[in-house]
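Hi everyone, thanks for coming. Please have a look at the structure on the screen, and then I'll talk you through a few spots in it.

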Amino acid sequence: FEHVQATESATWVVDAGAFLQFDARARTVQAAVAKGLVTNATNVAQYVAPYTLVEQGTGQKQVQLKWPSAVKGRALVTIRGDNPN
């Protein structure tokens, strides 16, 4: 899933509800990778990575990418509705 964050935020909310099969919850983030530059409000590149929070929002179908400061950009996020072991 590609998420576009057009305005700066320290929390990016990725809604996977339309993409999860069988009305599943967003239980696992397998990968979250920046696609291109992640920039701050003055368009300066930020070399940081987020951590993730799963099962967020109504129906637990959202994932949050938490950044150390407010940034904008694009991320490729692989979200799973199961919990592989």
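Predicted model: local features only at pLDDT ≥ 70, side-chain atom pairs only at ≥ 80, totals over all residues.

Let's begin with the rings. The structure holds 2 aromatic pairs. In one of them, the ring centres of W12 and W67 are 4.8 Å apart and the planes meet at 45°, so we call this pair tilted. Where do W12 and W67 sit in the chain? W12 belongs to strand 1, residues 2-15, while W67 belongs to strand 4, residues 62-80. That puts them 55 residues apart, and the pair links distant parts of the chain. Are they buried or exposed? W12 is buried, because its relative accessible area is 0% and the cut-off is under 20%. W67 has 8%, so W67 is buried too.

In soluble globular proteins, nonpolar side chains tend to be buried together. Here, the largest nonpolar core has 15 residues, and V63, L65, V77 and I79 have the most contacts inside it. Strand 1 and strand 4 each supply at least two residues of this core, and strand 4 gives the most, with 7 residues. Take V63: beyond its neighbours within four places in sequence, V63 contacts several residues, including W12, V29, L53 and I79.

Last stop: Q5, which is found in strand 1. Q5 counts as buried, at 14% relative accessibility. A polar atom of its side chain lies 3.1 Å from the backbone oxygen of T7. Leaving out residues up to four places away in sequence, Q5 touches W12, V71, K72 and G73. So there's our W12 again, in contact with Q5.

Notes: Residues numbered from 1 in each chain as written. Heavy atoms only, no water. Phe/Tyr/Trp six-rings, centres within 6.5 Å; stacked < 30°, edge-to-face > 60°. Helix = DSSP H or I, 4+ residues; strand = E, 2+ residues; numbered from the N terminus. Buried < 20%, exposed > 50% of the residue type's maximum accessible area, 1.4 Å probe, protein only. Core = buried A, V, L, I, M, F, W, Y, C linked by side-chain atoms within 4.5 Å. Contact = heavy atoms within 4.5 Å. Polar contact = N/O pair within 3.5 Å; in protein donor to acceptor, adjacent residues only side chain to side chain.
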